[in-house]
Amino acid sequence: MYIVKNNTPYTADAVLLPDKDGTIAVAAVIKATFTFSATAILWIAETQLPLCYGDEYWGEPGISSLRYPTDMVYEKTGTDIIVNGHAYVPGFAPVKESFVTIRVGSFKKSIAIRGDRFFTSHLGFVSKTAPIPFVKMPLRYERAFGGTDTSHPDPSKHGVFNKNPVGVGFRSSRSKTSAKGVALPNIEDVKNPVRTWNDRPEPVGFGCIPLFWEPRHSHAGTYDETWKKDRMPLPPRDTDLRYHNSAHPDLILPKPLSGKEKVTLINLHPAIEKLVFTLPDLVFTAAFTFDNETVKPRPVLDTLIVEPDENRFILVYRAVYKGPVPISHIRQVVIYEERK
């Protein structure tokens, strides 16, 4: 049994987790919540969000999109960038089409936002209705391309778009319904929108990808009879570290953020068309004390969650120790912020 001492104003904990080699690693996780103003002034949030010990969905798990990923992973690649919120039209003047953009340091991602549209049919020709003007649009995968088609009476012939089972616009090749009346996505790739009823574009979004959606699921490794015989309950040997990254593939930075980057949000805040602030320069130490020694792996910023509707963002730092000292000999974990 070990003791965790959190000497920061943020939420923190240390947990034991297995890696794909069967080694039990100890991970210290620090979750820092900040609020911001229209003038880019930052505060340490009075209410610090708790660590997520499991995935948290917007609705029922399995049939809704993911709101917050679990913090209980031992390591990620680079940094996940996640935005929970809405697209807003400047001045709340209804438009048929718009866009949203997030920029973090040198990284930039934009997606197109379109009002509600549907496929229609006339004399055998399928076309799209004009977008219905909007002023606010949820940025959830329920509004991106994808979906599940259960129209065929034979369940074995149902279709699922595995990259986004909760989306709209998808029709199975064995569908028994007409394209007429099928909703089109509100959230689309700027350069690759849905053009015809049988298009299968990559879904886009700023939210989290659940672990059973593609391409994340493909990184889980091989769960076969060999795994059951030789490895269970440990992860498969071919598990890819990217399995732990929950951001959209386009929003996983290959190198971790340093914490001093400028963040720009365009059309993502209800009152500010272009909001700019700078991430705080935080440096943490996680000291793992064993029977006869103390090691201090450096915590890495591996998750940035921005929630413009709430005027806040969340930074998740993670420090991992894998050995060679037996984890059973750990006695204490002390987490503190280094003052500059």
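**Notes on cavities, core, sheet and backbone**

1. The largest cavity has a lining of 13 residues, and those nearest its centre are Phe-145, Glu-188, Asp-189, Pro-201 and Glu-202. A cavity is a set of points on a 1 Å grid over the protein atoms alone where a 1.4 Å probe fits but cannot get out, and lining residues have an atom within 4 Å of a point. The space in the largest cavity is about 50 Å³, where volume is the space filled by probe spheres set on the points, joined across faces, edges and corners. Its lining divides into nine nonpolar residues, one polar and three charged. Here Ala, Val, Leu, Ile, Met, Phe, Trp, Tyr, Cys and Pro count as nonpolar, Asp, Glu, Lys and Arg as charged, and the others, Gly among them, as polar.

2. The model is predicted: local features need pLDDT of at least 70 and side-chain atom pairs count only at pLDDT 80 or more, while totals for chains, interfaces and linings use all residues. Residues are numbered from 1 along each chain as its sequence is written, and side-chain values use heavy atoms, with hydrogens and water left out.

3. Three cavities of 30 Å³ or more are counted. Among the residues lining the second largest cavity are Lys-31, Cys-52, Asp-71, Lys-76 and Thr-303. The lining of this second cavity is made up of five nonpolar, one polar and three charged residues.

4. The largest pocket (an open set of points with protein on both sides within 12 Å along at least five of seven lines) has a volume of about 280 Å³. It is lined by 17 residues, and Met-72, Val-73, Pro-235, Tyr-243 and His-244 are the closest to its centre. By type, the pocket lining holds 10 nonpolar, three polar and four charged residues.

5. The largest nonpolar core has 77 residues, and Ile-102, Ile-113, Phe-206, Phe-288, Phe-313 and Leu-315 touch the most other members. Such a core is a set of buried Ala, Val, Leu, Ile, Met, Phe, Trp, Tyr and Cys residues joined through side-chain atoms within 4.5 Å. Strand S3 (residues 24-36) contributes the most, eight residues. A second, separate core has eight residues, including Phe-119 and Phe-170. Beyond its neighbours within four places in sequence, Phe-313 is in contact (heavy atoms within 4.5 Å) with residues including Phe-34, Leu-42, Phe-277 and Leu-304.

6. Four strands form an open sheet with mixed pairing, in the order S1-S26-S22-S23. Strands (E, at least two residues) and helices (H or I, at least four) are DSSP runs numbered from the N terminus, and two strands pair if DSSP finds at least two bridges between them. Strands S22 (284-289) and S26 (332-337) are antiparallel and share six bridges. Phe-288 has Val-333 in S26 as its bridge partner.

7. Most residues other than glycine have a negative phi, and most peptide bonds are trans. Cis peptide bonds join Glu-214 to Pro-215, with omega about 5°, and Met-232 to Pro-233, with omega about 10°. Pro-215 sits in the loop between strand S18 and helix H1, and Pro-233 in the loop between H1 and strand S19.

8. Asn-267 has a positive phi, near 60°, and Asn-311 has a positive phi of about 55°. Is Asn-267 buried or exposed? Asn-267 is buried, with a relative accessible area of 5%; Asn-311, at 30%, is partly exposed. Buried means under 20%, exposed over 50% and partly exposed in between, with a 1.4 Å probe and protein chains only.
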